[in-house]
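Subject: Handover of a structure

Dear colleague,

Please find the structure below, followed by an account of what was found in it.

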Amino acid sequence: MLNYLWAGMIIVGVIFGAFNGKMPDITNAALDSAKEAVTLCITMMGVMSFWVGMMEIATRAGIIEIASKKLRPLVRFLFPDIPEGHKANDYITTNFIANFLGLGWAATPAGLQGMGALADLERERQEGRAPGAAQKPGVASDEMCTFLIMNISSLQLIPVNVIAYRSQYGSVNPAGIVGAGIVGAGIVATAVSTVVAMVYCKMKAKRRRA
């Protein structure tokens, strides 16, 4: 659907420009945008490589494991029906930590693995081999919906992607949105979205069980 939407917008823009004598402007804009896209990708590659490398160092140093243990009460609160010791817990905590550090690309593999583990858990419930209420076949479980919403809300201490964008487009202080302590716009905005997501998930789960 999105492919059709973008293609339609491009075609309409080209036709409009052709009828209004703006084809040279469209050509120049396309070339400039292509140049900016390549430059932005190079900038993002450098920033993400740095932070992904930092996360790998933290993982080998045991910092991620310690942080995962600290997050277990939160994971248990958000996903009370996931059996303790299930592999989904590890994937979920890794995804949360990566998102918290603003490493969306690093969080994606853990997110996909987490969804796969939750799908396996739901399949086991339908077969009667795992505790918890099973959903209808083909319907996402409460845990899968909660994980998706929490991943989208994504509490972030360091919004790496936004910092890279601001740097690319000439911001005097690209990291200014981080701020000092908890007063940064980035963490305030994502904290609000995460709290709203948590409340929403709990309300929907309670309503379904009622």
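The protein has eight helices and zero strands, where helices (H or I, at least four residues) and strands (E, at least two) are DSSP runs numbered from the N terminus. Read from the N terminus on, its elements follow the order α-α-α-α-α-α-α-α. This is a predicted model, in which local features need pLDDT of at least 70 and side-chain atom pairs count only at pLDDT 80 or more, while totals for chains, interfaces and linings use all residues. Residues are numbered from 1 along each chain as its sequence is written, and side-chain values use heavy atoms, with hydrogens and water left out.

Overall packing and surface

Of the 210 residues in the protein, 30% are buried; buried means under 20% relative accessible area, exposed over 50%, and partly exposed in between (1.4 Å probe, protein chains only). Among contacts (heavy atoms within 4.5 Å) between residues at least 6 apart in sequence, 64% join residues at least 24 apart. The protein exposes about 13,300 Å², and carbon and sulfur atoms supply 68% of that area. Accessible areas come from the Shrake-Rupley method with a 1.4 Å probe; for residues, only the protein chains shown count as cover.

Leu2, Leu5, Trp6 and Met9 form a nonpolar patch on the surface, with about 460 Å² of accessible area together. Patches are made of residues with over 30% relative accessible area and no salt bridge, like charges being joined within 9 Å and nonpolar side chains (Val, Leu, Ile, Met, Phe, Trp, Tyr) within 5 Å. Trp6 belongs to helix α1 (residues 2-19) and counts as exposed because its relative accessibility is 53%.

Salt bridges

A search of the whole structure finds three salt bridges, each defined as a side-chain nitrogen of Lys or Arg within 4 Å of a carboxyl oxygen of Asp or Glu. One of them joins the side chains of Glu84 and Arg76 (4.0 Å, N to O). Glu84 is exposed, with a relative accessible area of 73%, whereas Arg76 is partly exposed at 30%.

Asp120 and Lys87 also meet through their side chains in a salt bridge (3.8 Å, N to O). Asp120 lies in helix α5 (residues 104-126) and Lys87 in helix α4, so this pair ties together parts that are 33 residues apart in sequence. Arg123 forms a salt bridge with Asp120 as well, with the closest N and O atoms 2.7 Å apart. Both Arg123 and Asp120 lie in helix α5, three residues apart, about one turn of the helix. Asp120 counts as partly exposed at 26% relative accessibility, as do Lys87 at 44% and Arg123 at 43%.

The largest pocket

The largest pocket has a volume of about 260 Å³. A pocket, on a 1 Å grid over the protein atoms alone, is an open set of points where a 1.4 Å probe fits, with protein on both sides within 12 Å along at least five of seven lines; lining residues have an atom within 4 Å of a point. The lining comprises 14 residues, of which Leu74, Phe96, Met150, Leu155 and Thr194 lie nearest the centre. Helices α3 (63-78), α4 (87-100) and α8 (185-209) each supply at least two residues of this lining.

Yours sincerely

Notes. Grid points are joined across faces, edges and corners, and a volume is the space filled by probe spheres set on the points.
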